[in-house]
Amino acid sequence: MKRWLLTLTIVIILVTGGCTAAPTEEPGTTGPRTLRIMTYDSFSVSEEVIRQFEEINNVTVQFLQAGDAGTMLNQAILSRDNPQADVLYGIDNTFLSRALEADIFEPYQAKALNNIPEALRLDAQYRVVPTDYGDVCLNYDIQALTEAKLPVPQSLQDLTQPEYKGLLVVENPASSSPGLAFLMATIGVFGEDGDYTYLDFWQALRDNDVLVVDGWDSAYYSEFSGGAYSEGTRPLVVSYATSPAAEVYFSEEPLEVPPTGAVTAPQTCFRQIEFAGILKNGQNRDLAEAFIEYLLSTDFQEDIPLQMWVYPSNPEAKLPQVFTDFALEAEDPVTVLAEAIEQKREAWIEAWTETVLK
Amino acid sequence: MKKSPSKLIPYALLSLPLLFLFFFYFYPLAEILRASLTWEGGLQLSALLARLAGPPTLKVIGFTFWQALLSTILTLVIGLPGAYIFAHYDFPGKSIFNALTTVPFVLPTVVVATAFTILLGPKSPLNEALISWFGFSHPPLDLRYTFGAILLAHVFYNYTLVLRMVGGFWANLDPHLEQAARTLGASPWQAFRQVTLPLLMPSLGAASLLVFIFCFTSFGVVLILGGPHFVTLEVEVYRQTVNFTNLPVAAGLSLVQILITLLLTLTYSRLQSGLARPLDLRPYWSTQRRPQTGGEVALVMGNTLVTLLLLTAPLLTLTIRSFGSGIRYYSALFENPRSSIFYVPPFEAVRNSTRFALITMLLSLVLGILISLGFLQADKKSVDNEQSQKTWLLDALFMLPLGTSAVTLGLGYLLAMGRPPLNLRGTPLLIICGHTLVALPFVMRSLLPALKAVQPSLREAATTLGASPARVFWEIDLPIIWRALAVGAVFAFTVSMGEFGATSMIARPELPTIPIAIYRFLSQPGALNYGQALAMSTILMTVCVTGFIAIEFLRPPGVQSF
């Protein structure tokens with residue numbers, strides 16, 4: 001008989017505790033103002049870095065993680081008249097054009113932009129600033145390739161050779177951002193016209209038994225054989241140039257060398273550049289500007305590598321040891337114009353689906 | 001015409017649930033559909049209709065329907081023997097066994113996919129055994145990325161619905177009816193076919209409908225386990241929205257999905273309305289016994305073993321892997337070496353998840369009881385068929401959230417809840433309401449068959465003896481439907497724990513839940529991240545099993561075991 005009383009008490013404590021501990025929305029006019037940052041789910045930053053900004057500007061920073069990058073952009077576009085946040089972080093160059101066309105950003109010419117390399121600054125109208133970049137590259141299982149006495153592929157074309165038959169796993173460009181980046185790399189290299197187009201290349205990959213899965217985690221954890229804890233059997237995967245460094249950093253036992261390698265040969269990688277911008281119709285323009293400047297400062301930039309495994313856009317930012325030791329940058333990454341990506345994305349993905357999946 | 005007060009009772013009971021449904025379902029849905037269909041200079045209706053009626057879309061609809069139908073049949077075929085044993089036998093460890101079969105329901109597909117890869121992929125124990133016995137040069141069995149994998153995963157996820165809903169109802173059926181038929185010379189099959197099956201139909205129909213809608217809106221299973229060759233409506237809505245911002249097409253597809261769900265549910269209600277009947281229900285203790293003969297023991301053990309193999313092998317695989325480095329992955333959960341602002345302390349995740357789940361459970365139970373009682377009253381009051389038709393239309397409306405695309409409803413919340421009258425964007429309340437919306441169909445489907453089976457004469461007798469309506473409910477209905485209520489509670493708890501539906505889009509980073517923590521670990525490479533995702537999944541399973549067992553044992557004072 002007493003059991004139900006105990007359980008009921010626990011339930012009530014948990015429930016009411018939940019109500020009182022829930023954060024209060026909209027702090028009153030007396031406290032510091034709140035700056036809201038919208039970003040994607042896998043975004044990360046150090047606590048100190050944000051606290052420092054909060055102290056300098058007497059502000060509370062609140063993050064809103066709004067799904068994957070595509071979902072986040074859709075949310076921002078749909079709610080552009082009544083935005084959920086003041087600043088948006090994490091639009092990459094495959095989505096940039098759509099964001100700019102939807103006119104969700106306020107132009108702001110950040111002073112810190114002067115330090116940022118020209119190649120990363122894709123919007124001449126200052127609606128967004130480049131915050132970081134990363135290369136989507138082939139990764140390989142060092143041990144498996146050595147045992148099979150196979151050389152590391154040095155070009156995309158190599159992947160169609162019979163010795164690599166059944167060894168590669170890629171992500172579906174229709175559902176995955178590295179998948180789309182890799183498709184862009186093949187379009188940049190082989191083009192759409194001529195004797196041998198990107199679709200011919202993909203047909204050859206298909207004949208060579210390429211495996212397509214929905215997303216990066218399925219590809220890397222379930223199908224790739226190289227990661228320290230990967231369950232798969234395929235020694236080649238589309239991942240990032242920094243993945244080998246992450247393998248070392250997140251290893252259980254200290255590792256001298258990573259178990260995987262990244263192919264960074266010319267014209268094999270696609271560079272994803274990420275941008276941040278001030279959302280239109282926001283209420284804290286001055287703070288948003290300060291935050292954009294802060295994003296490009298070395299304080300924030302030096303925090304980026306270990307949090308998100310990409311490179312800071314500001315060359316003055318010092319890289320952590322694990323990056324200088326094990327991370328690689330693509331030598332001559334493939335480029336495709338952002339406008340072309342936006343215009344043709346659907347057609348490209350459909351043609352790709354027709355060639356590879358049907 | 002003036003209505004007598006008692007005629008208004010159903011409306012009074014239903015008003016709160018209907019308001020809830022209006023504000024948290026129809027209003028956001030209407031907002032997103034309006035915004036989508038007027039997107040970028042308005043809608044070209046003919047073009048949209050042509051697209052929706054075009055062969056690619058029809059193919060997607062066909063496949064979605066077909067896989068859901070097959071999955072439902074398969075789940076029933078595999079689940080019914082389990083339900084029979086659940087209803088007829090009591091055996092040691094039964095409640096833990098039941099709790100375990102419900103765990104799949106909460107697990108994120110990414111995690112289940114890993115377990116399936118281990119068990120069904122080229123390096124599976126089965127394949128390795130086959131290779132060593134028969135000397136195959138290649139792994140002979142690879143179920144990954146096949147239609148079979150989708151079906152298997154759907155059975156894995158939904159088995160518990162059949163077991164709990166049908167088994168729970170079956171356990172209250174009077175065994176004497178079937179025994180009488182047998183005495184009169186019916187074969188066991190005849191007795192089952194002509195006596196038990198018709199009596200089971202309400203719960204069988206309810207479970208089938210839920211399983212079907214669940215598979216019909218399948219997303220993660222199809223995307224991750226089926227691979228890119230298979231596309232359901234839900235997957236297509238997501239792709240049209242997120243990849244192409246093709247909002248009119250996404251809205252059109254979403255509407256197709258909702259319409260099919262509606263038609264299906266209406267058909268179901270129509271068929272069911274003639275089937276539910278008051279029954280002489282019996283308490284569990286009088287219908288269940290220990291298996292006695294060798295055959296019975298073999299039956300129970302055999303079924304338990306098969307179920308364990310099918311359902312708990314993946315769970316066990318995950319748990320074992322999570323201890324792959326001793327407790328290293330668990331201790332890592334408590335560390336934040338990169339001092340990330342998004343670090344999720346494990347206890348906080350457990351607390352947030354449990355809180356959301358408990359509040360969701362309470363809210364959906366209250367609303368579910370109001371709905372069920374309202375329907376019961378309305379059907380009782382109706383002299384002709386006309387009024388009972390009203391309740392089955394309402395019944396179908398409450399099922400719709402389950403058959404609505406999560407992306408669509410999530411974006412609807414974004415639009416509708418960002419301004420008055422419901423400025424709830426970014427509050428935990430919205431998450432709870434979102435969970436409740438999805439949990440309600442489970443509570444209703446579980447409660448209604450039980451409530452309709454209660455003999456009206458019992459209630460009338462109590463009323464005649466002077467009991468108030470509240471007392472009649474407390475003393476007569478509640479004890480009889482308590483099991484069904486517990487089943488509904490389990491599923492409401494589960495829906496919230498597993499972060500189903502639209503709420504994954506409106507989750508709050510400052511209130512991280514267990515599934516959010518799992519996704520975060522799985523988004524970066526490295527052994528530790530993967531290990532921590534497995535550890536977090538194991539914690540999720542443990543919290544759920546504890547919750548399920550607590551719910552089953554919880555009983556208010558004065559409510560007798562039935």
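1. Next, the secondary structure of chain B. The chain has 23 helices and one strand.

2. Overall dimensions of chain B. The C-alpha trace spans about 70 × 70 × 50 Å along its principal axes. What radius of gyration does chain B have? The value is 24 Å. A compact globule of 562 residues would have a radius of gyration near 24 Å, so chain B agrees with that expectation.

3. Now the interface. In chain B, 59 residues are in contact with 61 residues of chain A. Several helices of chain B each supply at least two residues to the side that touches chain A. They are α5 (109–120), α10 (220–226), α11, α16 (346–381), α18 (406–416), α22 (514–522) and α23 (527–553). Which of them gives the most? That is α23(B), with six residues.

4. The make-up of that surface comes next. The side of chain B that touches chain A divides into 30 nonpolar, 19 polar and 10 charged residues.

5. Helix α3 (residues 69–78) of chain A meets helix α11 (residues 233–243) of chain B, with axes that come within 8 Å and cross at roughly 65 degrees. Angles of 65 to 115 degrees count as roughly perpendicular, so α3(A) is roughly perpendicular to α11(B). On the α3(A) side, the contact is made by A:G70, A:T71 and A:N74. On the α11(B) side, B:T241, B:V242 and B:N243 make it. By class, this contact has one nonpolar, five polar and no charged residues.

6. Finally, confidence in chain A. The average pLDDT is 89, and 92% of the residues of chain A score at least 70. Which elements of chain A have the lowest and the highest mean pLDDT? Helix α1 (residues 2–21) has the lowest, at 51. Helix α7 (residues 198–207) has the highest, at 97.

7. One stretch of chain A calls for caution. Over residues 17–28 of chain A the pLDDT is below 50. Beyond near neighbours in sequence, this stretch has eight contacts in the model. Where pLDDT is low, predicted coordinates should not be read in detail.

Technical notes: Residues are numbered from 1 along each chain as its sequence is written. Chains are lettered from A and ligands numbered from 1 in the order in which they are written. This is a predicted model: local features need pLDDT of at least 70, side-chain atom pairs count only at pLDDT 80 or more; totals for chains, interfaces and linings use all residues. Helices (H or I, at least four residues) and strands (E, at least two) are DSSP runs, numbered from the N terminus. The radius of gyration is taken over C-alpha atoms; the globule rule is 2.2 Å times the number of residues to the power 0.38. Axes are lines fitted to C-alpha atoms, for helices over the stretch in contact, and angles run from 0 to 180 degrees between N-to-C directions. Angles under 35 degrees count as roughly parallel, over 145 as roughly antiparallel, 65 to 115 as roughly perpendicular and the rest as oblique. Two residues are in contact if their C-beta atoms, placed from the backbone, lie within 7 Å. Ala, Val, Leu, Ile, Met, Phe, Trp, Tyr, Cys and Pro count as nonpolar, Asp, Glu, Lys and Arg as charged, and the others, Gly among them, as polar. pLDDT is the predictor's confidence in each residue, from 0 to 100.
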